[in-house]
Amino acid sequence: MTEIVKGGNLPVPGQVWRIAVVRRAAGDGVPEVDASALLLDAEGRVRGDGDLVFYNQPAHASGAVRLLGQVRDEEQRVADWLEIDTARVEPGVRRIAITASSEDGTFGRVPDLHIRTISAATGEQLALYEVDDASTETAFVLGEFYLRDGAWKFRAVGQGYDSGLVGLAEDFGIEGRDPGPAPDDEPAPDEPAPEDRPGPAEEPAGAVPEAIPEELLAKVRAAETAVPDRPRVPVQRPARVGPRSDVELFGGDFPEFFRSGKDTTTLTVDVPIPAGYVVVDTTRAGDGYFGVDALDEKGEPDVLLANTTLADHEGRGLLRYDGRSPLRLRVNAYGSAWTVAVRPVSTVEELGRRARGRGGDVLLYTGPAGHLSSRLRTGFGHAYFHVQADEPDGRDHLLANVASRWPKDARPLPEGPLLVQVRSAEGDWSLEVGPPRQSRFWRRGAR
C-alpha cells in the first residue's frame, strides 16, 4: 500500500476498485459523515444531477459507480464503501471525485479521516490518503480518479468546503432543485452565452484539463476558514423606520476623509470616526499593481481593502473600525495617481432584487431571508470571486467563494440588515436575490 500526501498521485491498475471513506464512528461529539462521488467531464463539471452518487441516489445509471454500504468495527471506526468499474465509465466522464460531507458538524471534530483504494480483483490496498488539516469544513473532496493517456490515476485532493454536500455539489454543477416553478436563475445579462465563451485550451488526447491555479484555490480555502464561529452578541435594534435606521446599526456619521497622491505611502485618517463600520473608496489611474491595507496597532497590514492589477481601478471596501486608535491606511501604488476616501456607511446604496457593478462594492440589504445568486464575468483564464455579508455585531456570512473560469455561486442569504461586500471581483459582477430554496433532492430519511 502506498501512502500519499495532499496533491500526490499514482497509477491504479485494473478496472474495478473499491474505495473506503474511513473515520471515527459518530457519537460523543463526533458528527455523522456521508460518502459520495461525482462523475465529471473534461471541464470538471457534472453533466446532470444523475452524476452525483450519494445517499438518495446510491448508484449511477451506467453502473460505473455505486455505494456498497457501511461497515463498522470494534475499534469505533466506520467506513462507507464505494465501487468504481472503469469498463462502465461513459466516454464523457474524465474524473470521478470521492467526497465526504456532514450535516451535523465540522470535520475538525472527525478523527482519523482517511480514504483507501483497494483492487477489487486482488484485495491489494493501492493508496492511502489521511486528512490531517481539517477544521471548520463541512464537506471535503478527498480524492479523485482521473484519466490520462488512456490510464486511470488516483490523486489526493483534500479540498474543504464550509457549505456541506449541497454547496460542494453545486460547485460542480449539480442543481438538485424541486420540480415546479423555480427561482429566477437565468444567466445575467452581462454573462456571455455558451456559444460566445472561449473553449478550453487544446490539450493532448487523454490529458486532464488544466487545474485552477493553486494561489486562487488557496484564497478560497483561506476565506472559508479565516473567521471561526463566534457567539452572536445581542443587538438592541430600534423599530425600523426605513433603510436609514438599519444603516445606523452599523456605524454613525462623520466628516468624509479624502486624500490623493502618487506612489506608495501611509495615511493617517485625521477626522473623528466613531466605532463601527466604515467604507473605503479607492480609485487609481493607469495600470500595474494597486493595493490598500488597513494597518493594525503595530503598523502591520490587517484588512485588505483594494487588491488589483486592472487598469483604471475604481472600487469600495468595508472595514470594521474599533474606535480606539487612529485609522491608518497603506497605499501600494507604483507611479500611478490614486485617491482614497473614507466615508460612513450611510453612503452605501441598497441591494434590492438585483445589482450589477465592477470591482469591489458594498451594498445594504434590509430584506427577508432568501437566496443570493452571484456571477462574475472576467477576461482572465481563471478568476477569484468572493461575496460576504456582515451583520451589525460583526458576525459574517460567506455568500460566494469560488475560483474558476466563469465564477458563480449561490448560497442562502440571511435576513437583513446586512452589509454585502463584493470583493476580489476583477471584472463585471451581478447579484440576484431570490426566495429561499428548498429541495427534496437533498432531503434524506432517518439514519
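Reader: Is Asp-28 buried or exposed?
Author: Asp-28 is exposed, with a relative accessible area of 85%. Buried means under 20% relative accessible area, exposed over 50%, and partly exposed in between, with a 1.4 Å probe and protein chains only. Please note that this is a predicted model, in which local features need pLDDT of at least 70 and side-chain atom pairs count only at pLDDT 80 or more, while totals for chains, interfaces and linings use all residues. Residues are numbered from 1 along each chain as its sequence is written, and side-chain values use heavy atoms, with hydrogens and water left out.

Reader: Where is Asp-28 found?
Author: Asp-28 is in the loop between S3 and S4. Helices (H or I, at least four residues) and strands (E, at least two) are DSSP runs, numbered from the N terminus.

Reader: What is the phi of Asp-28?
Author: Asp-28 has a positive phi of about 55°, although it is not a glycine. Most residues other than glycine have a negative phi, and most peptide bonds are trans. Asp-149 also has a positive phi of about 55° without being a glycine. Asp-149 sits in the loop between S11 and S12 and is exposed, at a relative accessible area of 61%.

Reader: Which residues does a cis peptide bond join?
Author: Gly-416 and Pro-417 are joined by one, with omega about 5°. Pro-417 belongs to the loop between S27 and S28. Glu-415 lies in that loop between S27 and strand S28 (418-423), and is exposed at 53% relative accessibility.

Reader: Turning to the sheets, what is the strand order of the open sheet with mixed pairing?
Author: That sheet of 6 strands has the order S1-S10-S9-S3-S7-S6. Its edge strands are S1 (2-3) and S6 (65-72), each pairing on one side only. Two strands pair if DSSP finds at least two bridges between them. Within this sheet, S3 (residues 16-24) and S7 (residues 77-85) run antiparallel and are joined by 9 bridges. The bridge partner of Arg-24 in S7 is Arg-77.

Reader: And what is the order in the open sheet with antiparallel pairing?
Author: Its 6 strands follow the order S2-S12-S11-S8-S4-S5. Strand S2 (9-11) and S5 each have a single partner strand, so one side of each is left without a neighbour in the sheet. S4 and S8 pair over 7 bridges in the antiparallel sense, and Ala-37 has Ile-98 as its bridge partner in S8. Helix H1 packs on this sheet, touching S4, S5, S8, S11 and S12, and its direction makes about 30° with that of S11. Contact means heavy atoms within 4.5 Å. Axes are lines fitted to C-alpha atoms, for helices over the stretch in contact, and angles run from 0 to 180 degrees between N-to-C directions.

Reader: How many residues of H1 are buried?
Author: In H1 (residues 164-171), 6 of the 8 residues are buried. They are Gly-164, Leu-165, Gly-167, Leu-168, Ala-169 and Glu-170. The cover over them includes strand S27 (408-413). After H1 comes Gly-173, whose phi is positive, near 105°.

Reader: How many salt bridges does the structure hold?
Author: The structure holds 20 salt bridges. A salt bridge is a side-chain nitrogen of Lys or Arg within 4 Å of a carboxyl oxygen of Asp or Glu. One of them joins the side chains of Arg-411 and Asp-162 (3.2 Å, N to O). Arg-411 is in strand S27 and Asp-162 in the loop between S12 and H1, 249 residues apart. Arg-411 is buried, at a relative accessible area of 6%, whereas Asp-162 is partly exposed, at 30%.

Reader: Which residues are linked in a network of salt bridges?
Author: Glu-256, Asp-281, Arg-316 and Arg-343 are linked in this way. The side chains of Asp-281 and Arg-343 meet at 2.3 Å, N to O. Asp-281 lies in strand S15 (residues 276-284) and Arg-343 in strand S20, so the pair ties together parts that are 62 residues apart in sequence. Asp-281 is buried, with a relative accessible area of 13%, and Arg-343 counts as buried at 19%.

Reader: One more topic: what does Val-247 touch?
Author: Not counting residues up to four places away in sequence, Val-247 touches Val-345, Ser-346 and Leu-364. Val-247 is part of helix H3 (residues 243-248) and counts as buried, at 7% relative accessibility.
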